[in-house]
Amino acid sequence: MRLSRRAFLAATTAAASVSAAPPAYAAQRRRQTGFERLSAEGYALLDGRRVGIVTNPTGVTRDVRHIVDVMYADDRVNLIAVFGPEHGFRGTAQAGGSEGRYDDPATGLPVYDTYLKSGRPLADIFTASGVDTIVFDIQDVGARFYTYIWTLYDCMEAAQLAGKRFVVLDRPNPVTGRAAQGPVLHKEFATFVGRQPISQAHGMTVAELAHLFNGEFLTTPVPLETVRMTGWRRSDFYDASGLPWVPPSPNMPTPDTALVYSGTCLFEGTNLSEGRGTTRPFELLGAEGIDGRWAAAVNELHLPGVHFREAYFAPTFSKFQGKTIGGVQIHVHDRAAYDPVRTGIALLVTAKQVWSGFGWRSDNWIDKLTGSTRVRTMIDAGASADEVVAGWQQELAAFRRMRRGYLLYK
């Protein structure tokens with residue numbers, strides 16, 4: 001007898017569920033993601049709904065089954081569509097790409113492309129899909145310029161326009177939710193790497209951000225429900241969750257990458273390599289002509305929680321492809337003390353001081369990443385890292401006050 005896709009997935013899901021849980025899994029049961037809580041409660045929140053889900057490869061269970069496969073196999077959920085963000089639902093596309101419209105081979109579900117779509121065009125996609133409830137479940141990394149939180153924002157806005165209900169399943173901020181850090185976006189610099197005025201490292205979970213977006217930025221709020229995690233504390237790094245790490249994008253291979261990303265992604269706005277094309281993107285930085293003076297200069301600043309190693313590497317793609325270049329590797333030794341944004345600024349300042357070839361991208365992309373012209377113009381004027389950081393403290397304090405009202409966890 002031949003099994004349908006749904007029957008086959010149901011059988012494999014059932015087989016996985018009866019296998020003995022390893023001790024590490026059992027120890028983490030008190031910590032639950034939004035999806036784990038939704039599932040444990042029998043998907044009651046989705047009962048009688050035609051469901052579409054915005055997700056990517058990070059939407060997995062603790063035993064690394066994809067939640068689309070799990071939900072599709074469960075008769076309690078009427079899952080009829082999937083919506084893919086940048087890099088795609090199955091994650092096959094590089095930065096700045098997506099997978100387009102196709103039918104998922106595993107489930108047969110239609111997969112719609114949301115990348116760079118917003119407003120009425122995205123609302124029309126939701127309408128055409130036939131869903132009445134849109135679920136969002138994607139692992140974020142805690143930085144304003146990581147595009148998944150703006151996919152969240154765009155989908156919330158489009159869901160409101162299309163008259164759809166919106167549900168966010170929460171996951172940990174992998175670099176903790178202790179504090180917001182860095183400059184706040186100025187509205188005139190809004191792009192897909194920053195739609196609204198939040199800080200560069202926001203220190204929030206996606207569910208918290210959804211409530212903030214709904215309360216502060218959407219012209220008309222969307223009917224929003226969030227499923228909170230249990231057992232997550234604001235001071236927790238990702239390894240405390242007991243969850244497997246699935247790269248949210250091709251150049252975010254480990255939680256260590258996420259730890260530095262909100263600072264060193266700023267090098268995308270320069271003519272230096274940000275480590276794409278290496279096994280340590282955003283931890284390795286460099287360019288032709290840089291030598292050990294850069295590591296020495298930034299180590300002299302005694303930045304908290306981090307050391308810098310003189311490093312040489314040859315990117316396999318992106319900037320300086322196939323060329324051996326010099327620079328630094330970031331080694332975080334005290335992640336609780338480490339400030340990624342201040343560190344990123346210090347690296348920019350010292351790179352400009354020690355390397356005569358330093359330059360910004362010709363389109364001033366650095367302004368989109370930092371949210372204004374301030375960082376670029378201050379560094380060009382010879383400001384120190386501490387002076388640059390001092391320049392955004394007033395706007396950061398205002399954002400922290402606003403943010404406080406939307407925090408869901410202690």
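**Helix pairs, then a pocket**

Modeller: The axes of helix α5 (residues 119–129) and helix α6 (residues 148–162) come within 8 Å, and they cross at roughly 65°. That makes α5 roughly perpendicular to α6. Bear in mind that this is a predicted model.

Biologist: Which hand does the crossing of α5 and α6 have, left or right?

Modeller: α5 passes α6 in a right-handed crossing.

Biologist: Which residues of α5 and α6 meet?

Modeller: On the α5 side, they are G119, R120, L122, A123, F126 and T127. On the α6 side, look for D154, C155, E157, A158, A159, L161 and A162. Sorted by class, this contact has eight nonpolar, two polar and three charged residues.

Biologist: How should I describe a helix pair in general?

Modeller: Two packed helices are described by the angle between their axes and the distance between the axes. Now try α8 (residues 255–264) and α10 (residues 340–354). Their axes come within 7 Å and cross at roughly 55°. α8 and α10 are therefore oblique to each other. Their crossing is right-handed.

Biologist: What does α8 bring to the contact with α10?

Modeller: α8 brings L259, V260, S262, G263 and T264. They meet P340, V341, G344 and L347 in α10. The classes here are five nonpolar, four polar and no charged residues.

Biologist: At what angle do α7 and α14 cross?

Modeller: Helix α7 (residues 206–217) and helix α14 (residues 393–404) cross at roughly 105°, with axes that come within 10 Å. The two are therefore roughly perpendicular to each other. L212, E216 and F217 of α7 make the contact with F399, M402 and R403 of α14. Four of these residues are nonpolar, none is polar and two are charged.

Biologist: Now pockets. How does one find empty space?

Modeller: Rolling a probe the size of a water molecule over the atoms shows where empty space is left. Take the second largest pocket in this model, with a volume of about 410 Å³.

Biologist: How many residues line the second largest pocket, and which are the closest to its centre?

Modeller: There are 26 lining residues. Closest to the centre are E86, A95, Y261, E268 and R276.

Biologist: How does the lining of the second largest pocket divide by class?

Modeller: Its lining has 14 nonpolar residues, with six polar and six charged ones.

Conventions:
Residues numbered from 1 in each chain as written. Predicted model: local features only at pLDDT ≥ 70, side-chain atom pairs only at ≥ 80, totals over all residues. Heavy atoms only, no water. Axes fitted to C-alpha atoms, helices over the stretch in contact; angles between N-to-C directions. Helix = DSSP H or I, 4+ residues; strand = E, 2+ residues; numbered from the N terminus. Parallel < 35°, antiparallel > 145°, perpendicular 65-115°, else oblique. Left-handed = near helix turned anticlockwise from the far one by under 90°. Contact = heavy atoms within 4.5 Å. Nonpolar A, V, L, I, M, F, W, Y, C, P; charged D, E, K, R; others polar. 1 Å grid on protein atoms, 1.4 Å probe; cavity = no way out; pocket = protein on both sides within 12 Å on 5 of 7 lines; lining within 4 Å. Points joined across faces, edges and corners; volume = space filled by probe spheres on them.
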